[in-house]
Amino acid sequence: MANTETMTLNMGPQHPSTHGVLRLVLELDGEVIVKVTPHIGFLHRGVEKLSEHRTYHQILPLTDRLDYLAPMSNNLGYILAVEKLMAVEVPERAETIRIIMAELTRLQSHLVWLACHALDIGAMTVFIYAFRERETIMETYELISGARMTSNFFRVGGLSQDVPEEFVKKVSDFIDSMPGYLDQYEGLLTTNPIWLKRTVGNGVISAEDAIEIGITGPALRGSGVDWDLRRDDSYAGYDKYQFKVPVGEKCDTFDRYKVRLIEMRESCKIVRQGLDRLKPGPVLADCPQVCYPPKESVYNSIEGLIHHFKIASEGFAAPEGEVYQGVEAPKGELGFYIVSDGGNKPERLRIRPPSFVNLQAIEQMSVGSMIADLVAVIGTLDIVLGEIDR
Amino acid sequence: MAENNRAVLKLKEKFAASIIDVVEFRGEVTVTVAKDAIIEILSFLKQSLQFNQLTDLTAVDYEGKKEDRFMMVYQLLSIPHKDRLRIKTPVSEAVCIIPTASQVWKTANWLEREVFDLFGIVFDKHPDPRRILMTEDWVGHPLRKDYPLQGPDREPYKGRLS
């Protein structure tokens, strides 16, 4: 007679395919998953609590450390929320550079997703290739902000500084070559029988279920929901750009893979349009109440120095009220909800992390499949624990 | 503006007695409602007005600033209508319990666990009422205003915080 007892197996928090410190307690019937219980919080740093004790400018570096694979998207979401609260208009050049960088960030994040997702499933070559291209984006980060990951480049009202001259050529060359690289990845994966066996029909979640459980971003579009905040709830000037929103049909891991790859091609097009729009001009709003003064004036005039000191030490007082700003981060809807009581620090800053909500679907997507398929599901959800645990 | 919002119109028609306040700030509409009617109102918004996604659920601690200490905040999104709505409801410290919204949207499950973990608000009939970010044996609720920033068993930081 067959033994029908289930077995409990611990997976993580130190496990190469849990993308950080995710711990899963699996209940198994043989190799088939009966129940998944995620345990999170190993990386909890209390970002929301810390933010209540810092001025609006001082919170910005904390946001880099949420989704550390897409720092500029986090920066963008946060500064847009503050700008909404303060009603600050951003100069056109700053807006364009923000979009270029946000899309390069999307490419970067998707490249890491593709690399790790493929590696988890067993395709190692793609990992090496994707990290090669990511390196160029990291170099662009370093070129403009001095840091490869925690860029902290955007500012409330614009950018911390203008981009150097080499920027346009570097980004332009990269965008020209990127579609060719994407063809390379597709050549390795899209028709690869092993890849197809592992991804087609894996982690299926219907459009209704996906909306119900709150999935956003590429994972939602992979389930056939035509929804992209850049187009449908436009922010940061995305309404001036033309791009397609890819949508999946079969709601499985393969469709989510296709959606992300098409998104990368569309990102290249957006960056190209951004480079064409790029015109000389100021990169910081003329709003001395809120913005830092330009560095030249800080170093060369006493007024500028006093102004800098005042903004750096006291910050600025925000009007009483509350705002929510959602942006289409690479992983889904990243939202910042700020409650202001009229002081220079937020009364409450809530970060709506896309990975946290998306991870909730893991049980629904993996029960009934094998442990190896669970690894594919973790990869396709594209989670980052820095953002989940905050 | 807020008066012409499609959801506000319907809510005023159907739940006039439960609406405490309607505010518009920077183009965002916030409706504050009474706690007793919260599930009824959320279900109505989902079923009849197609607010099919619960984007976010969180709480705010107004210790000493408002009569009711906590404020629950629900951020709703309607994908078919492409609009958002924020629903708030006050929760007092004395009766720190509110019905769970996870019966309306599944999303609320983890989000409510987080609010319970960090604020100590209890969700009635929650399917899985455990802590989520802090360890299970943790004492206290870190996002409450009276919880020290440095943690409970450490000297307060004497240097400059901001």
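Where is the place of B:K82 in chain B? In this predicted model, B:K82 is found in the loop that runs between β4 (70-78) and β5 (83-91) of chain B, and its phi is near 55 degrees, a positive value in a residue other than glycine. B:K82 is exposed, because 11 other C-beta atoms lie within 10 Å, a count that falls under the criterion of 12 or fewer.

A positive phi is also found in chain A, where A:A87, although not a glycine, has a value of about 55 degrees. A:A87 belongs to the loop between α3 (71-86) and α4 (92-121) of chain A, and it is exposed, with 10 other C-beta atoms within 10 Å. As background to both cases, most residues other than glycine have a negative phi.

Elsewhere in chain B, B:P152 is located in the segment after β7 (122-124) and is exposed, since 10 other C-beta atoms lie within 10 Å. The C-alpha atom of B:P152 is separated by 9.2 Å from that of B:P142, the two residues being ten apart along the chain.

With regard to the interface between the chains, 37 residues of chain A are in contact with 28 residues of chain B. On the side of chain A that touches chain B, at least two residues are supplied by each of α1 (47-51), α8 (207-212), β6 (321-329), β7 (332-340), β8 (348-352) and α14 (354-359) of chain A, and β6(A) gives the most, with five residues. Classified by residue type, this side of chain A comprises 15 charged residues, together with eleven polar and eleven nonpolar ones.

Terms used. Residues are numbered from 1 along each chain as its sequence is written. Chains are lettered from A and ligands numbered from 1 in the order in which they are written. This is a predicted model: local features need pLDDT of at least 70, side-chain atom pairs count only at pLDDT 80 or more; totals for chains, interfaces and linings use all residues. Two residues are in contact if their C-beta atoms, placed from the backbone, lie within 7 Å. Helices (H or I, at least four residues) and strands (E, at least two) are DSSP runs, numbered from the N terminus. Ala, Val, Leu, Ile, Met, Phe, Trp, Tyr, Cys and Pro count as nonpolar, Asp, Glu, Lys and Arg as charged, and the others, Gly among them, as polar. A residue is buried if 20 or more other C-beta atoms lie within 10 Å of its own, exposed if 12 or fewer, and partly exposed in between; C-beta atoms are placed from the backbone.
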